[in-house]
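Student: I would like a close look at one part of this protein. Please take me through its salt bridges step by step.

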Amino acid sequence: MTKAGTFEYYDAARDPDHSRLGTIERLDKLSRMLDSAWRIPGTNIRFGADAVMGLVPGIGDLAGAALSLYIVMEARRMKVPSSVLARMIGNIGLDTIVGAVPIAGSIFDVAYRANRRNVRILREHLESARR
């Protein structure tokens with residue numbers, strides 16, 4: 001969005017690096033919202049919507065996994081190799097399975113931050129592929 005409040009149009013075919021940068025920024029915001037949006041007052045402990053959703057038995061962890069898979073879908077759209085996608089899916093799987101355990105799973109969700117890890121893995125892959 002420009003300062004005047006209008007949207008700029010970017011053609012991904014003409015400028016794929018700019019399109020990828022915008023996608024990474026969007027995914028980074030999503031991962032922050034899911035994993036570290038809020039801080040417990042008086043501590044350095046951060047948590048996000050994924051940990052809060054995990055408090056709802058059954059459905060909460062599945063909803064968190066669905067949102068986490070969006071990051072993987074975007075990585076696939078960017079033609080990231082299957083080995084990188086597998087690591088990302090593994091992070092989500094571990095987060096979902098352990099997160100399903102009452103109480104301990106919520107603590108794990110706060111500490112593990114699978115979405116932040118996945119965006120970091122994606123960034124590292126794209127940076128190494130660019131070199």
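Tutor: Here is a walk through the salt bridges, starting with the model itself. The model is predicted. Its protein chain has a mean pLDDT of 88, and 86% of the residues reach 70 or more. Take care with residues 5–12, where the pLDDT is below 50.

Now the bridges. A search of the whole structure finds 6 of them. Start with Asp28. Its side chain meets that of Arg116 in a salt bridge, at 2.8 Å from N to O. Asp28 sits in helix 1 (residues 16–35) and Arg116 in helix 6 (residues 114–130), so the pair ties together parts that are 88 residues apart in sequence.

Asp28 has another partner, Arg123. Here the closest N and O atoms are 3.7 Å apart. This pair also links distant parts of the chain, with Asp28 in helix 1 and Arg123 in helix 6, 95 residues apart.

Are these residues buried or exposed? Asp28 has 14% relative accessibility, under the 20% cut-off, so Asp28 counts as buried. Arg116 is partly exposed, at 27%. Arg123 is partly exposed too, at 31%.

Salt bridges link Asp28, Arg32, Arg116 and Arg123.

Glu124 is partly exposed, with a relative accessible area of 43%. Arg120 is partly exposed as well, at 44%.

Definitions and conventions. Residues numbered from 1 in each chain as written. Predicted model: local features only at pLDDT ≥ 70, side-chain atom pairs only at ≥ 80, totals over all residues. Heavy atoms only, no water. pLDDT = per-residue confidence, 0-100. Contact = heavy atoms within 4.5 Å. Salt bridge = Lys/Arg side-chain N within 4 Å of Asp/Glu carboxyl O. Helix = DSSP H or I, 4+ residues; strand = E, 2+ residues; numbered from the N terminus. Buried < 20%, exposed > 50% of the residue type's maximum accessible area, 1.4 Å probe, protein only.
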